[in-house]
Amino acid sequence: MPDPDPARTAPDLRPPRSRRWCIPPAIPYDTGESLEGAPVLRELEGDAALLLWSALRDVTLWASVPERRRAQLFTPAAAGRRLRMVAGARLDPAVELPLEILSGVLADPAGADPEGVALACVQVAEWAAARGAPGTAVAFSQAAANATPE
C-alpha cells in the first residue's frame, strides 16, 4: 500500500541551512591536582621548574581576568624581579626567550599581546614535550588556548 503522504517519502531538495561557526572555548584539562600547575613542579627541576610554574600561574590568572580589569593585576616591580631571575638561572635558551616574553604579562598586563603570550606558551609546551614532561606541555598548551580563546 503506497504512503498517503508523499512529503514524507520525497527527498528533501532544499539547500542545507547554514550554521553560524563558533570556535568552542578551551577544554580545561583537570589533573585532579589541588595545586595549579603541579605537573610542572613534579616533572621539572630547579630554577626552570619554579620559573615555569610561576609563569604558568601568571598567564592563567591574566587570561582569566577581563581585559578591562587587567591593568592592576601585578605589582610594578614584578616584571623586573622575574627577568632578573630568568637571567640568573641557567636555562635552556629554547625556554629562556619564552619566559622573557611571558614576563611581559607582568610588565604591562593591560597591553600584553595575547597572540605573543600564546606563542610563548606553545614554545614552552613544545620544549616540555621534547623533554618528556607531558603534564607541563599540556598545562602550557592550555594556557595558550586561554590566552587566545578565539
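Me: Where does G104 lie?

Reply: G104 lies in helix α5. Helices here are DSSP runs of H or I with at least four residues, strands are runs of E with at least two, and both are numbered from the N terminus. This is a predicted model, in which local features need pLDDT of at least 70 and side-chain atom pairs count only at pLDDT 80 or more, while totals for chains, interfaces and linings use all residues. Residues are numbered from 1 along each chain as its sequence is written, and side-chain values use heavy atoms, with hydrogens and water left out.

Me: Is G104 buried or exposed, or in between?

Reply: In between. Buried means under 20% relative accessible area, exposed means over 50%, and partly exposed lies between them (1.4 Å probe, protein chains only). G104 has a relative accessible area of 28%, so it is partly exposed.

Me: What does G104 touch, not counting residues up to four places away in sequence?

Reply: P109 and A112. Contact means heavy atoms within 4.5 Å.

Me: How do I read the packing of α4 and α5?

Reply: Two packed helices are described by the angle between their axes and the distance between the axes. Axes are lines fitted to C-alpha atoms, for helices over the stretch in contact, and angles run from 0 to 180 degrees between N-to-C directions. Here α4 spans residues 78-88 and α5 spans residues 93-107. Their angle is about 170°, and their axes are 8 Å apart. That makes α4 roughly antiparallel to α5. (Under 35 degrees counts as roughly parallel, over 145 as roughly antiparallel, 65 to 115 as roughly perpendicular, and the rest as oblique.)

Me: Which residues meet there?

Reply: From α4 come A78, A79, R82, L83 and V86. From α5 come E96, L99, E100, S103, L106 and A107. By class, this contact has 7 nonpolar, 1 polar and 3 charged residues. (Ala, Val, Leu, Ile, Met, Phe, Trp, Tyr, Cys and Pro count as nonpolar, Asp, Glu, Lys and Arg as charged, and the others, Gly among them, as polar.)

Me: Which residues touch the most other members of the largest nonpolar core?

Reply: Start with the general idea. In soluble globular proteins, nonpolar side chains tend to be buried together. A nonpolar core is a set of buried Ala, Val, Leu, Ile, Met, Phe, Trp, Tyr and Cys residues joined through side-chain atoms within 4.5 Å. The largest one here has 39 residues, and L52, L91, L102, V117, C121 and F140 touch the most other members. Two or more residues each come from α3 (46-64), α4, α5, α6 (114-130) and α7 (134-147). Helix α3 gives the most, with 10 residues.

Me: What is L102 in contact with, leaving aside neighbours within four places in sequence?

Reply: A55, V59, V117, A120, C121 and F140. Take A55, which is found in helix α3. A55 has 3% relative accessibility, so it counts as buried. Beyond four places in sequence, A55 touches R82, L99 and L102. R82 and L99 also take part in the contact of α4 with α5.

Me: Where is A63 found?

Reply: A63 is found in helix α3. It counts as buried, at 19% relative accessibility. Leaving out residues up to four places away in sequence, A63 touches R70, N146 and A147.

Me: What about T75, and where is its place?

Reply: T75 sits in the loop between α3 and α4. T75 is partly exposed, with a relative accessible area of 43%. Not counting residues up to four places away in sequence, T75 touches R81 and L106.

Me: How many of the 150 residues count as buried, as a percentage?

Reply: 36% of them.
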